[in-house]
Amino acid sequence: MIRVVIERQQLNNHIDSFSIKGHANFAEHGHDIVCAGVSAITVGTVNSAEAILGIVMQSQMKDGFLQASVPEALDEAQQAKLQLLLESMIVMLKTIEKTYGSYIQVQEKAKKRR
């Protein structure tokens, strides 16, 4: 199962980071549409933040794992644009979860203050 954890700041509900762990095991490797969809959405979001917004998210990626964090030094306009991009990512992931809930779980939680 793929487990997605979205961490939000308690004060303003902004997305602070997200992590993706695991494999869907919906189909054999190379034919797993759930894994492919989740990977495209999450890696695409990190890449879009840099390519479109010029914001480099702090991230780590390896087989079956992606973790990305919002940089601390963003101005209000940058933060608003990045939050919109991240909220869109969550909508897409939850859409996959509605159809393939046995293979992906999306959880949101409040992050303790830094």
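Setting aside its neighbours within four places in sequence, Ile 2 is in contact with Ile 20, Lys 21, Gly 22, His 23, Ala 24, Val 34, Cys 35, Val 38, Tyr 103, Ile 104 and Gln 105. Please keep in mind as we go that this is a predicted model.

As general background, nonpolar side chains in soluble globular proteins tend to be buried together.

Let me step back to the overall layout. How many helices and strands are there? The protein has two helices and five strands, and from the N terminus the order of elements is β-β-α-β-β-α-β. The radius of gyration is 14 Å, close to the 13 Å that the globule rule gives for 114 residues, so the protein is as compact as a globular protein of that length. The C-alpha trace spans about 45 × 30 × 20 Å along its principal axes. Of the 114 residues, 36% are buried. And if you take contacts between residues at least 6 apart in sequence, 58% of them join residues at least 24 apart.

Back to the strands for a moment. Val 5 sits in strand β1, residues 2-9. Beyond residues up to four places away in sequence, Val 5 touches Ser 17, Phe 18, Ser 19, Gln 107 and Lys 109. For a distance across the fold, Val 5 and Leu 86 are 81 residues apart along the chain, and their C-alpha atoms are separated by 13 Å.

Thr 45 is in helix α1. Is Thr 45 buried or exposed? Its relative accessible area is 4%, so Thr 45 is buried. Leaving out neighbours within four places in sequence, Thr 45 is in contact with Leu 85, Leu 86 and Met 89. From Thr 45 to Met 57 there are 12 residues in sequence and 9.9 Å in space, C-alpha to C-alpha.

In helix α2 we find Gln 83. At 7% relative accessibility, Gln 83 counts as buried, because the cut-off for that is under 20%.

Next, the loops. Gly 22, one of the contacts of Ile 2, lies in the loop between β2 and α1. Gly 22 has 30% relative accessibility, so it counts as partly exposed. Not counting residues up to four places away in sequence, Gly 22 touches Met 1, Ile 2 and Gly 64. Gly 22 and Leu 66 are 44 residues apart in sequence, with 9.6 Å between their C-alpha atoms.

Asn 25 is in that loop between β2 and α1 as well. With a relative accessible area of 58%, Asn 25 is exposed. What is phi of Asn 25 near? It is near 60 degrees, a positive value in a residue other than glycine. Most residues other than glycine have a negative phi. A second case is Asn 13, in the loop between β1 and β2, where phi is near 65 degrees, again positive in a residue other than glycine. At 46% relative accessibility, Asn 13 counts as partly exposed.

As for where the lining comes from, α1 (33-53), β3 (58-62) and β4 (65-69) each supply at least two residues. The most come from α1, with six residues. By class, the lining has 10 nonpolar, nine polar and four charged residues.

Terms used: Residues numbered from 1 in each chain as written. Predicted model: local features only at pLDDT ≥ 70, side-chain atom pairs only at ≥ 80, totals over all residues. Heavy atoms only, no water. Helix = DSSP H or I, 4+ residues; strand = E, 2+ residues; numbered from the N terminus. Nonpolar A, V, L, I, M, F, W, Y, C, P; charged D, E, K, R; others polar. Contact = heavy atoms within 4.5 Å. Buried < 20%, exposed > 50% of the residue type's maximum accessible area, 1.4 Å probe, protein only. Rg over C-alpha atoms; globule rule 2.2 N^0.38 Å.
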